[in-house]
Amino acid sequence: MLLPVIMAGGTGSRLWPMSRELHPKQFLRLHSFHSMLQETLNRLDGVEISEPVVICNQDHRFMVAEQLRQIDMLSHNIILEPVGRNTAPAIALAALNALAQGHDPIMLVLAADHIIKDIGAFHAAIEAAQAFAAGQSLVTFGIVPTGPETGYGYIQRGESWGEHVSATCVKRFVEKPDLATAQNYVDSGEYFWNSGMFMFRAKRYLEELEKFRPDILAACQHALSDTGGDKNFINVKQDAFACCPDESIDYAVMEKTQDAVMIPLDAGWSDVGSWSALWEVSPKDEAGNALTGDTFLHNTHDCYINTDEKLVAAVGVDNLVMVNTKDAVLVVDKSKVQDVKKVVEYLKKHNRSEYRRHREVYRPWGICDILVAEKRFCVNRITVNPGEAFSLQIHHHRTEHWVVLAGTARVTTGDKTFLLTENQSTFIPIGVVHRLENPGNIPLELIEVQAGSYLGNDDIIRIKDHYGRC
């Protein structure tokens, strides 16, 4: 069986305001009911696979765990990168972890933020690749280009591989071209978009990595040695991994190996690199508008509109992207979406929260929606998942008032523990040890009012925590 290795790192900003540093696009529901990470795993339904491995940033660990739990794929299968070091080290971590468990699986390396429409063609390409990956080959998937795209790298095909007319040797990898060069590539019929998807045996990849970049392999081996973890996460030593070179698998291995094979893939693939790209792959109404959320349109054509909660009305406009979240609104001409990065640069320069997080923040126990945030008070709507709990904690500068909206809360204050149900409340004074738990089978919903001279998270003094936080 194949071992899916899902690359879920990255903090892309091209889909701001929905994509944020702490909630990037791979965790968003952009094209279906499920997030892009969940869709990546769901489209493997029908392929014989073992339990997948997901590699992600430490900041995203609880979000990844919750999304895997929702599709019943959560186990001890999340590798946490303490710092980003690109794809070659990340894949090495997954290969080393598999070998440490006594296996040498065929790894199917996929990005968590791609869209593939033709699942049958995708499965057929996977099946064709397995015959090569089972031997000594390192397989890459080349996307059949639909136009002269300047945002992708390209793969030039070599000779066909024996009787397998669908597979070719790799002649070379090339960087993102200018428009004229990209057009020449497409016209030649010899070039394919570099998808960033691969298949090979774990041991075979490490052999090639040791040949061409032994420094990367040594750093990853050190980073995975004697590491701790819990039931969901595989930890990586921060100091050791920080010393690892930052290198893509293309540069480190695929451009150097003599055993690269390319499988063409024509399956409606997109890396959703911009709002205009998302409009292109989204269902549209008769006027060419792609719509998500509560909208009213009149004399409006070829727009992408995505709104969270609020009604968006568009009258007499064409070719616009309009995205409304709880704390930001973006309006941009569809031909200028690459300039969205200018907004993010401005927000980062001025240290504004809108580039880093949403109003809703994922916690290991659930979700905190920040309704009001002032200097001396804060109002949050909190959802605690069944069986989850806050840490046992204390604050030196703020009080808290909890009002239960739905579900049942078990509250600990000092040496007392009691239950609260709907419409009941309690008050937590400064300096009192306390905890909130959800002992029920449905989500616990409550309003939390924090008040005091200082409301920073570093005033949370954790005495005991289920999730290993300090």
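Let me start with helices α3 and α7, which are oblique to each other. This is a predicted model, so please hear everything that follows as computed from it. Helix α3 covers residues 87-100 and helix α7 covers residues 214-224. Their axes come within 9 Å and cross at roughly 55°. The crossing of α3 past α7 is right-handed. On the α3 side, the contact is made by Ala88, Pro89, Ala92, Leu93, Leu96 and Asn97. On the α7 side, Ile216, Leu217, Cys220, Gln221 and Leu224 take part. Sorted by type, the residues of this contact are nine nonpolar and two polar, with no charged ones.

Next, helix α2, residues 61-70. How many of the 10 residues of α2 are buried? Seven are, so α2 is largely enclosed by the rest of the structure. The buried ones are Phe62, Met63, Val64, Ala65, Glu66, Gln67 and Leu68. What do they pack against? One partner is helix α1, residues 36-42. The others are strands: β2 (53-57), β3 (78-81), β10 (233-234) and β19. Just after α2 comes Asp72, with a positive phi of about 60°.

Now the aromatic residues. There are 11 aromatic pairs in the model, counting rings whose centres lie within 6.5 Å. I will show two of them.

The pair of Trp275 and Tyr304 is tilted, with 5.4 Å from centre to centre and 35° between the planes. Trp275 belongs to helix α10 (residues 275-281) and Tyr304 to strand β15 (residues 304-307), so this pair ties together parts that are 29 residues apart in sequence.

Trp365 and Phe390 are both buried.

Apart from those pairs, Tyr152, Trp193 and Trp269 form one aromatic cluster.

I will finish with two loop residues. Ser137 is in the loop between α4 (119-133) and β6 (138-143). Why does Ser137 count as buried? Its relative accessibility is 8%, and the cut-off for buried is under 20%. Which residues does Ser137 touch, leaving aside neighbours within four places in sequence? They are Phe132, Trp161, Met199, Phe200, Asp259 and Val261.

Val432 is in the loop between β26 (425-428) and β27 (434-437). With a relative accessibility of 23%, Val432 counts as partly exposed. Again leaving aside neighbours within four places in sequence, the contacts of Val432 are Gln393, Ile394, Thr413 and Gly414. As for Gly414, its C-alpha is 5.9 Å from that of Val432, although the two residues are 18 apart in sequence.

Technical notes. Residues numbered from 1 in each chain as written. Predicted model: local features only at pLDDT ≥ 70, side-chain atom pairs only at ≥ 80, totals over all residues. Heavy atoms only, no water. Axes fitted to C-alpha atoms, helices over the stretch in contact; angles between N-to-C directions. Helix = DSSP H or I, 4+ residues; strand = E, 2+ residues; numbered from the N terminus. Parallel < 35°, antiparallel > 145°, perpendicular 65-115°, else oblique. Left-handed = near helix turned anticlockwise from the far one by under 90°. Contact = heavy atoms within 4.5 Å. Nonpolar A, V, L, I, M, F, W, Y, C, P; charged D, E, K, R; others polar. Buried < 20%, exposed > 50% of the residue type's maximum accessible area, 1.4 Å probe, protein only. Phe/Tyr/Trp six-rings, centres within 6.5 Å; stacked < 30°, edge-to-face > 60°.
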